[in-house]
Structures are given as C-alpha cells and as structure tokens.
Amino acid sequence: MKLSPFTSVVGAIQQEKRLDVIANNLANAATPGYRKVGTRFENFMELQTYTQSTQGPVHRTENPMDVAINGEGYFRIQTDRGERYTRAGNLTVDAQGRLVTPQGWPILGQGGIIQVEGSQLRIGSEGQVYDGENLVDTLDVVAFPPGVRLVHDERNLLMPADPNTFAVPARNFTVEQGALEGANFSAVQEMTSMIETLRIFEACQKVMKMSYEEDKQVINQLGKS
Amino acid sequence: MMRSLWTAATGMDAQQLNMDVVAHNLANANTTGFKKSRANFEDLMYQNIIPPGAETGASATIPTGIQIGMGVKTASVQKIFTQGNFTETGNQLDLAIEGKGFFKVLRGADEVYTRAGTFKLDSEGYLVDSEGNRLQPEVSIPREAVTINVDPRGTLSAFDQNGTLLASVNLTLYDFANPAGLLSLGKNYFAPSEASGDAVEGQPGTEGFGTLLQGFLESANINVVEEMVNMIAGQRAYEANSKVIRTADEMLRIANSVAS
C-alpha cells in the first residue's frame with residue numbers, strides 16, 4: 001500500500017492546531033471563570049473544539065466584590081455587542097455606582113443593571129444583592145437548555161453558538177461572596193495532551209518521511225533500469 | 001508560523017506581571033494602611049477557523065466548529081480595599097479607620113487621600129501626616145494641649161493638663177463610589193480618577209463611613225500565606241507555558257527534518 005503523504009500532512013496540521021488550543025488553555029491558568037476549550041477528532045481527522053462547562057475550583061479571596069457560582073449557571077453581562085455570559089465574578093463598582101465586570105460591562109440582575117450606593121455590599125447565596133440592609137436586586141444567574149453549545153467571545157465572556165438561543169433561570173446553584181472560580185482545566189491533563197500531541201505530530205512526520213524515501217527509491221531505482 | 005508559541009508567550013507575560021504584583025504586595029507587608037493589588041486576567045480574542053453551525057454538506061452542520069484562542073491578557077490591576085488588621089500603638093495621634101473612608105491631606109497643591117493615619121503635629125500646631133502634609137480640613141491643636149481624645153464619630157477634643165477642654169473639632173472622612181478605581185500615587189496616597197468618581201464627604205460613623213479608632217494603626221491588608229500561594233501557583237503556570245513553547249519548538253524541529 002502506498003502511504004499517503006497528504007493524510008499525514010493533514011494529521012500534522014490538526015495536531016498543530018490542537019497544540020494552539022492547549023496553549024490557550026494553559027495561558028489562561030490564572031483567568032477567573034475561564035472555561036477550557038477541549039478538542040476532539042471526528043470523522044477520522046476532523047478537529048473540533050468545544051467549551052467545557054464543568055465546575056472550576058472555587059477559592060476564597062475574602063474580597064466582598066468577588067462572587068463565585070457553585071453549580072450550574074452563568075452571570076448575565078450587558079455588552080455593546082449584546083448580552084454575554086460569564087463565570088468570572090471579579091466585580092467592581094464603576095464611577096456611576098453600577099456593579100460591573102473589570103471590563104466595565106454591567107452585570108445584570110433580575111431588574112436590569114444593578115445600582116449600589118456603595119456602602120456595604122452583601123451578596124446572598126441565591127444572588128441577592130444587599131446594599132447595607134436594603135435588598136437592591138438579585139443577580140440573574142441563568143443556564144442553557146441541554147444541547148446548547150457555548151462558544152468563547154473574548155474577554156472572559158461566552159455566548160451561545162446559535163444566537164437565537166435563550167437562557168433560562170438556573171436552578172441548582174449557590175452564589176458565594178468573597179470567592180472566585182478559577183479556570184476549569186486540569187494542568188496534568190493539558191500537559192498529557194500536549195505530550196500526546198507532540199508524539200502524534202512526530203508520527204505524522206515519520207509517515208511523511210517514509211513516503212518521501214519511498215518516492216526517492218522508486219525514482220532512483222526504476223530510473224536506472 | 002505556530003500560533004501556540006505566541007499564545008504561550010502571552011501566558012508567560014501574564015504570570016510575570018502576576019509575580020510583580022505579588023512582589024509589590026509582599027514588599028509592603030509592613031506598610032501602614034497599604035492596600036493589596038490583584039491582577040485580573042481575561043482571555044484574548046478567538047479565531048473562529050470554522051464558525052460553529054457552518055454548513056459542511058447538504059444537510060450537515062458543524063455543531064461546534066473550531067475556535068482557537070490567542071492567549072491571555074491583563075484586564076486590570078485592581079486595588080482591593082478590604083479592611084487591614086489593627087495594630088495598637090498607644091500613640092494618641094494614630095488613627096485607624098474601621099470601615100470605609102479616607103483621610104484627605106494637602107500635598108503641595110493637590111488634594112490626595114490616604115488611609116494611613118500616622119498623624120503628628122507640625123511646628124505651627126497643625127495635624128500633619130508622616131510626610132508633613134496637613135490633614136484637610138486643617139486641624140490645629142492649641143499649644144497648651146496635653147491630652148487629645150478622638151471618639152469613634154470623629155470628634156477630636158484637646159484638653160490641657162487640668163482636664164479643661166481647649167478645643168473640639170470634627171474630623172471628616174471622604175469616600176468614593178469605586179475606591180478600586182483610585183490612582184495610586186505611592187507613599188500610601190491615592191488620587192481620584194474618572195473611574196473612582198468624585199470624593200464624597202462624610203462624618204465618621206454615618207452614612208456608611210467607617211469609625212475612627214484612636215491609638216491604633218491599620219496594617220497592610222495582605223495575607224502573607226495567600227501571597228505565597230499565589231506566587232507558587234504563578235510560578236507553576238509560568239513553567240507550564242514555557243513547556244508549551246518547548247513543545248512548539250520541538251514540533252517545528254520535527255517539521256524541519258522531513259526532507260533531510
């Protein structure tokens with residue numbers, strides 16, 4: 001059988017892309033609420049990526065402006081490109097007293113943009129936002145029906161792959177104040193995938209080389225007779 | 001050329017900055033009124049090589065497509081204004097703010113804000129901070145005063161040696177809608193910015209302002225163990241990103257040796 005150099009070239013290119021994805025995951029090791037981009041191969045050698053939505057580790061920061069979701073759901077963020085979703089709860093208050101992300105986009109409560117007077121912010125386990133003793137609003141934690149795929153927008157934001165999908169209120173979650181959720185990938189797994197990627201790439205190269213040698217022999221030996 | 005090389009470089013850059021922030025926090029472990037910083041990271045843009053939902057055939061669509069991210073960038077380095085611990089000094093002009101608020105001092109011609117309440121008297125009897133800048137509004141203590149008392153609500157009373165009240169003034173605190181948006185000037189000073197909003201004036205202990213604690217100083221709000229953990233995590237993440245560069249380099253070497 002003639003080994004196809006083209007198959008191995010395609011294979012090598014796919015592995016290169018896979019390394020790009022792994023590199024992006026590892027680069028975001030310290031990004032709060034980052035969702036891992038996973039890869040899988042379908043139909044023999046067709047690379048596909050997906051956003052992994054498993055829970056990331058929640059660690060205490062003791063900063064009252066940090067919130068983490070335990071369980072399902074996303075915070076709703078209003079951006080100038082439309083509504084986006086995130087698990088990154090490192091919030092601040094802007095000069096107008098609105099509760100915003102570090103990028104300055106307002107986080108949405110059930111009543112829209114959340115306005116706080118800025119004294120003592122307290123956030124309850126269901127997302128209730130108290131400004132001192134007053135209940136201002138409740139963080140709108142939403143989920144997507146099963147089968148809806150989320151893709152990454154830039155800057156810690158996610159969006160549904162199909163823009164016509166609507167979010168529904170999340171059910172199984174608690175909101176924790178003074179904590180942040182970390183990136184949801186395991187460094188060990190990424191490192192292992194990286195080694196695997198390298199070795200498959202090497203194998204593809206061996207196939208290319210064999211095919212190259214084969215051609216060389218054919219040309220040299222048949223050409224002689 | 002391989003994207004992953006640059007992606008990993010953004011990761012190493014981010015961790016380097018993270019380390020700079022941690023180093024600054026640790027270096028100020030004993031600075032009065034110091035507020036720690038934290039680097040906030042966000043992912044960079046994604047390249048949609050095949051957009052999700054693209055048609056691949058007559059009736060087939062790709063459910064997820066291929067999205068490749070370009071790495072990480074720093075969204076902001078944020079000051080975290082949580083309360084620091086109190087250290088008792090016994091000095092009657094040391095003031096700690098328990099809760100929200102800043103002291104205002106006049107530094108040259110600029111009004112700047114600080115939480116470091118190490119006050120002293122200058123040669124004219126005015127209350128000044130450790131840099132010699134006068135507290136605003138100015139407070140002067142009569143020369144004969146022996147005992148100075150500051151109550152939690154900010155009333156400063158000066159008494160002579162017989163216990164006669166010489167003067168009584170109210171100290172004022174200032175606060176911002178978004179203290180994290182203040183501009184750090186160094187030496188514990190902050191200046192208002194577009195992001196912080198304008199200073200709001202208030203009496204200690206009212207309208208969400210903190211109370212004053214005489215004879216105490218506020219320590220830095222860092223937790224050394226937490227910073228150490230951040231440092232270790234940052235170092236390992238740095239290492240992981242450098243391994244990506246090595247892997248990408250190895251792949252390029254392999255690719256280069258196809259036709260050798």
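Colleague: What order do the strands take in the open sheet of three strands in chain B?
Modeller: The order is E12-E13-E14, with antiparallel pairing. Keep in mind that this is a predicted model.

Colleague: Which strands sit at the edges?
Modeller: E12 (147-150) and E14 (165-170) of chain B. Each of them pairs on one side only.

Colleague: How are neighbouring strands turned against each other there?
Modeller: By 15° on average, with direction ignored.

Colleague: How many bridges join E12(B) to E13 of chain B?
Modeller: Four, and the two strands run antiparallel. E13 covers residues 155-159. In this pair, B:Thr147 stands opposite B:Phe159 of E13(B).

Colleague: Zooming out, what helices and strands does chain B have?
Modeller: Two helices and 20 strands. The radius of gyration of chain B is 27 Å, while the globule rule gives 18 Å for 260 residues, so the chain is more spread out than a compact globule.

Colleague: What does the C-alpha trace span along its principal axes?
Modeller: About 95 × 40 × 30 Å for chain B. Of the 260 residues in that chain, 39% count as buried.

Colleague: Switching to chain A. What does helix H2 reach from its first C-alpha to its last?
Modeller: 55 Å, close to the 56 Å expected at 1.5 Å a residue. H2(A) has 38 residues, 187-224.

Colleague: Which residues in H2(A) are buried?
Modeller: Among them are A:Met194, A:Phe201, A:Cys204 and A:Met208.

Colleague: And what covers the buried residues of H2(A)?
Modeller: The cover includes helix H1 (5-27) of chain A, together with helix H2 (224-256) of chain B.

Key:
Residues numbered from 1 in each chain as written. Chains lettered and ligands numbered in written order. Predicted model: local features only at pLDDT ≥ 70, side-chain atom pairs only at ≥ 80, totals over all residues. Rg over C-alpha atoms; globule rule 2.2 N^0.38 Å. Buried ≥ 20, exposed ≤ 12 C-beta atoms within 10 Å, placed from the backbone. Expected span 1.5 Å × (residues − 1). Contact = placed C-beta atoms within 7 Å. Pairing = 2+ DSSP bridges. Axes fitted to C-alpha atoms, helices over the stretch in contact; angles between N-to-C directions.
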